[in-house]
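Me: Please take a close look at a single part of this model and describe what lies around it. One connected account will do.

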Amino acid sequence: MTKRTTAKYKLDRRMGENIWGRAKSPVNKREYGPGQHGQRRKQKLSDFGTQLRAKQKLKGYYGDLTEKQFKRIYGDAARVKGDTGENLIGLLERRLDAVIYRAKFVPTIFAARQFVNHGHITVNGKRVNIASYRVKEGDVIAVRDRSKQLAIVLESVSLTERDVPDYMEVDHSKMTATYTRTPSLADVPYAVQMEPNLVVEYYAKN
């Protein structure tokens with residue numbers, strides 16, 4: 001299984017932040033953006049620019065979702081009672097590829113999408129190969145028996161750069177994860193600050 005690296009590292013450098021907290025991020029060596037103009041002094045962003053940046057960062061974090069996908073998730077979040085920003089985070093964390101990533105079955109969110117698409121995952125005993133599948137509280141997610149010894153899985157489980165969040169119960173000896181509850185923004189272990197309130201402002205005005 002191949003790992004996609006170009007998109008995530010471009011996002012890191014464009015934002016000037018180590019979005020996923022990875023040791024290999026180029027931002028750890030240089031914080032300026034890509035290209036010949038990357039080292040120019042950064043101009044102060046307008047309100048629109050700040051909101052757009054917050055949207056691009058959150059959208060990119062979850063595997064560089066398309067605008068259509070992300071806007072659909074936002075629309076669902078806006079229709080649910082409660083704080084739209086919190087709802088948005090909850091829906092993003094319920095994506096099957098995000099759950100696989102949080103459970104540390106794979107090292108990156110990009111690998112998680114591919115892992116699901118290739119049929120390596122079951123939900124409540126049934127094979128699911130749709131990365132955007134929404135997991136429900138109480139669902140049991142597992143790596144299929146024939147996939148448990150894949151190098152990418154064994155490597156990811158041993159990584160120490162991130163921990164499993166407390167809204168999931170994971171057994172790496174059995175390669176299973178139970179999604180116990182939908183998290184709030186404060187519960188999600190982002191490596192950098194995410195601002196869903198600015199994403200809400202962006203879509204409210206555009």
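Reply: A residue is called buried under 20% relative accessible area, exposed over 50% and partly exposed in between (1.4 Å probe, protein chains only). By that criterion V143, at 3% relative accessibility, is buried. The model is predicted, so local features need pLDDT of at least 70 and side-chain atom pairs pLDDT 80 or more, while totals for chains, interfaces and linings use all residues. Residues are numbered from 1 along each chain as its sequence is written, and side-chain values use heavy atoms, without hydrogens and water.

V143 sits in strand β3 (strands are DSSP runs of E, at least two residues; helices are runs of H or I, at least four; both are numbered from the N terminus). β3 covers residues 140-143 and runs antiparallel to β5, residues 176-179, with 3 bridges joining them (strands pair if DSSP finds at least two bridges between them). Within this pairing, A142 is opposite T176 of β5. The open sheet to which β3 belongs has 5 strands with antiparallel pairing, in the order β2-β1-β3-β5-β4. Its edges are β2 (126-127) and β4 (168-171); each has a single partner strand, so one side of each lacks a neighbour in the sheet.

Apart from residues up to four places away in sequence, V143 touches F105, F115, H120, I121, K148 and M175 (contact means heavy atoms within 4.5 Å). T122 is 21 residues from V143 in sequence, and their C-alpha atoms are 6.4 Å apart.

One of the residues touching V143, K148, also forms a salt bridge with D145, with the closest N and O atoms 3.1 Å apart (a side-chain nitrogen of Lys or Arg within 4 Å of a carboxyl oxygen of Asp or Glu). K148 is partly exposed, with a relative accessible area of 22%, whereas D145, at 64%, counts as exposed. The E17 and K57 side chains meet at 3.0 Å, N to O. E17 is in the loop between α1 (6-15) and α2, and K57 is in helix α2, so this pair ties together parts 40 residues apart in sequence. K57 is buried, with a relative accessible area of 7%. A further pair is D97 with R95, whose closest N and O atoms are 3.0 Å apart. D97, at 0% relative accessibility, is buried, and R95 is buried at 4%. The whole structure has 11 salt bridges.
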